[in-house]
Amino acid sequence: LYAANAEYKDSHGKALAIIQSSSAVVSTISSSILIWKILRSPQRLSTTRHRILFGVGIGDIIFSLSFANYNTMIPSDVDYISWNAQGNQATCSMLGFLTVLGAPMSLFYSCSL
């Protein structure tokens with residue numbers, strides 16, 4: 001099984017992990033700026049639009065943090081498939097929790113706009 005996935009892991013897997021994690025870092029910074037601007041505005045969270053955008057930003061930060069780890073939270077047992085896998089079962093469970101929490105949160109807040 002290792003021989004079949006070695007080429008993918010070394011070339012495409014590494015590039016995909018770097019691009020995905022870099023995009024997640026940019027998304028986290030952008031959502032943080034959005035939240036910062038909302039909290040610094042005179043209305044703060046008094047308007048419905050600001051509360052919804054605040055929820056979208058929080059959901060996006062949670063979801064992006066689950067991808068901004070360069071695959072280090074993936075269990076090291078599957079190192080033959082995933083590049084840079086250094087985690088364990090607990091980190092994998094935490095990663096899954098962040099993904100399952102952040103994705104619907106951003107989606108539902110975006111739908112409410």
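Which residues does leucine 95 touch, not counting residues up to four places away in sequence? In this predicted model, leucine 95 touches Ser66, Asn69 and Met73 when residues up to four places away in sequence are not counted. Leucine 95 lies in helix H3. With a relative accessibility of 16%, leucine 95 counts as buried, because buried means under 20% relative accessible area.

With residues up to four places away in sequence left out, cysteine 92 touches Met73 and Pro75. Glutamine 89 and serine 66 are 23 residues apart in sequence, with a C-alpha to C-alpha distance of 15 Å.

The packing of helix H3 against helix H2 was described next. Two packed helices are described by the angle between their axes and the distance between the axes. Helix H2 covers residues 48-65 and helix H3 covers residues 89-112. The angle between them is about 155°, and their axes are 7 Å apart. H2 is therefore roughly antiparallel to H3, since angles over 145 degrees count as roughly antiparallel. The crossing in which H2 passes H3 is left-handed.

On the side of H2, the contact is made by Arg51, Ile52, Gly55, Val56, Ile58, Gly59, Asp60, Ile62 and Phe63. On the side of H3, these meet Leu98, Thr99, Leu101, Gly102, Ala103, Met105, Ser106, Tyr109, Ser110 and Ser112. By residue class, the contact of H2 with H3 comprises 10 nonpolar, seven polar and two charged residues.

Aromatic pairing was searched for in the whole structure, and one aromatic pair was found. The pair is formed by phenylalanine 63 and phenylalanine 67. Their ring centres are 5.0 Å apart and the angle between the planes is 75°. The arrangement is therefore edge-to-face, because planes over 60 degrees apart count as such. Phenylalanine 63, at 26% relative accessibility, counts as partly exposed. Phenylalanine 67 is likewise partly exposed, with a relative accessible area of 28%. Phe63 is also one of the H2 residues that meet H3.

The relative accessible area of tyrosine 70 is 31%, and the residue is partly exposed. Asparagine 71 also has its place in the loop between H2 and H3. Although asparagine 71 is not a glycine, it has a positive phi of about 65°. At 16% relative accessibility, asparagine 71 counts as buried.

Notes
Residues numbered from 1 in each chain as written. Predicted model: local features only at pLDDT ≥ 70, side-chain atom pairs only at ≥ 80, totals over all residues. Heavy atoms only, no water. Axes fitted to C-alpha atoms, helices over the stretch in contact; angles between N-to-C directions. Helix = DSSP H or I, 4+ residues; strand = E, 2+ residues; numbered from the N terminus. Parallel < 35°, antiparallel > 145°, perpendicular 65-115°, else oblique. Left-handed = near helix turned anticlockwise from the far one by under 90°. Contact = heavy atoms within 4.5 Å. Nonpolar A, V, L, I, M, F, W, Y, C, P; charged D, E, K, R; others polar. Phe/Tyr/Trp six-rings, centres within 6.5 Å; stacked < 30°, edge-to-face > 60°. Buried < 20%, exposed > 50% of the residue type's maximum accessible area, 1.4 Å probe, protein only.
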